[in-house]
Amino acid sequence: MFKNVFGSGFLVRTAHVILTWVITLILFLHDTELRKQEETGQFIQPVLFVLLVLVSVLLYFAVSLMDPGFILSDDSDLQFTLGVTEEQQDMIPPTTKSLRQRRCGHCLLQQPMRSKHCQTCQHCVRRYDHHCPWIENCVGERNHRWFVLYLAVQLLVLLWGLHIAWTGFSYAPTWQLWLRTNGVLLTVTVLVALLSLIVLLLLSSHLYLVSLNTTTWEFMSRHRISYLKHCGADENPFDRGTFHNLWGFFCVWGTVVWEHVYFREGSDQV
C-alpha cells in the first residue's frame, strides 16, 4: 500500500517536513499569541496547533507514500468482470472501444476506463487525476480523497498560522528598526500567505471537479481522450449529480467499474 520512504521524492518530503516545523518553531519563538499563552500557562491552543500541524504532516506522508491505484497486472477476464455485453460493445464509439481495450504502450498492461500511464511513476494509474510534484506521487483512485482531506487540513493550519504570525509583529519607531525586529516573522507571514492562497485554489478546484465527477486530466485534456472527445462540451458521462458525486467520492470505498457508470448501469464494486 505504501511506497519506500527513501525512494523517489525523499528530498521533496524532507524539505516539506523541515519547512513545516521550522515555521512552527518561529511562531513559538517570536512574541506571538502562542508564546504568550505558553508563558501564562494556557496550553490548550498551543497544543491544539501542534497537534493539527502533526496531523497535516502525517496526512502528507500518507498521501505521498500511498499507492494511488497502480495497475500492476493484467485482468485476463476483463469482459466478464466489466459485464459489458456485445450489444453494449456496439454502442460504444470506435475510439472509445479501442481505448478501453487497448494495452498501454509503456507498461503493456490493459487500461481500464479513466486510467492513464504516468511517465514519472512509470505505472498506469486507475482514475488518474494528475502527478503532483509537491507529494512526488500520482493522485489517483486510491489516494484522491486523502489528498483532498490533506489540502483541507493544510489550509486550516496555514490560515491559523497566518493569524498567529500577524499577532507577533512588534512596534518600532522607524522602518529600518521595524524590519530588523520583524524581518524573520515578515518573511514567514508572506510565505504562509502565499502557500495559503495556493492551497485554497487547489482545494477549491478539486472540490469543484469532484462535484462534477471529473478529474484534472479529463478536464484539461478531454479533447484528446477517446471516451470523452465525442461528448458535447457540457456533457460528462460520469456525472450522477452533485450529491451522488460527492457521496461516491468521499464515502464509497473500493474500485469502481467506470464502464458501468458510462452506460448508466451504476458503479459496481470489485
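Colleague: What is the mean pLDDT of the protein, and what percentage of its residues reach 70 or more?

Modeller: pLDDT is the predictor's confidence in each residue, from 0 to 100. Here the mean is 85, and 84% of the residues reach 70 or more. This is a predicted model, in which local features need pLDDT of at least 70 and side-chain atom pairs count only at pLDDT 80 or more, while totals for chains, interfaces and linings use all residues. Residues are numbered from 1 along each chain as its sequence is written, and side-chain values use heavy atoms, with hydrogens and water left out.

Colleague: How many helices and strands does the protein have?

Modeller: The secondary structure comes to 11 helices and 5 strands. Two strands pair if DSSP finds at least two bridges between them. In this model, 3 strands form an open sheet in the order β1-β3-β2, with antiparallel pairing. Its edge strands, β1 (70-71) and β2 (116-118), each pair on one side only. Strand β2 is joined to β3 (residues 123-125) by 3 bridges, and the two run antiparallel. His 117 stands opposite Cys 124 in β3.

Colleague: How far apart are the end C-alpha atoms of helix α3, and what span should its residues give?

Modeller: The expected span of a helix is 1.5 Å times one less than its number of residues. Helix α3 (residues 44-65) has 22 residues and should therefore span 32 Å; its end C-alpha atoms are 31 Å apart, which agrees.

Colleague: Which residues of α3 are buried, and what covers them?

Modeller: Buried means under 20% relative accessible area, exposed over 50%, and partly exposed in between (1.4 Å probe, protein chains only). The buried residues of α3 include Pro 46, Phe 49, Leu 52, Val 53, Ser 56 and Tyr 60. Their cover includes α1 (10-29), α2 (33-39), β5 (137-139) and α7 (144-166). Trp 160 lies in helix α7. Leaving aside neighbours within four places in sequence, Trp 160 is in contact with Gln 45, Leu 48, Phe 49 and Leu 52. The C-alpha atoms of Trp 160 and Phe 49 are separated by 8.1 Å, although the two residues are 111 apart along the chain. Over the whole protein, buried residues make up 45% of the 270 residues.

Colleague: How many salt bridges does the structure hold, and which parts do they link?

Modeller: A salt bridge is a side-chain nitrogen of Lys or Arg within 4 Å of a carboxyl oxygen of Asp or Glu. The structure holds 3. One of them joins the side chains of Glu 39 and Arg 35 (3.1 Å, N to O). Glu 39 and Arg 35 are 4 residues apart in helix α2, so about one helical turn separates them. Glu 39 counts as exposed at 56% relative accessibility, whereas Arg 35 is partly exposed at 32%.

Another salt bridge joins Arg 142 and Asp 67 (3.1 Å, N to O). Arg 142 is in the loop between β5 and α7 and Asp 67 in the loop between α3 and β1, 75 residues apart. Asp 67 is buried, with a relative accessible area of 12%, while Arg 142 counts as partly exposed at 45%.

Colleague: Where do Arg 114 and Glu 218 lie?

Modeller: Arg 114 lies in the loop between α6 (94-101) and β2, and Glu 218 in helix α9 (residues 216-221), so their pair ties together parts 104 residues apart in sequence. The closest N and O atoms of this salt bridge are 2.6 Å apart. Both Arg 114 and Glu 218 are buried.

Definitions and conventions:
Contact = heavy atoms within 4.5 Å.
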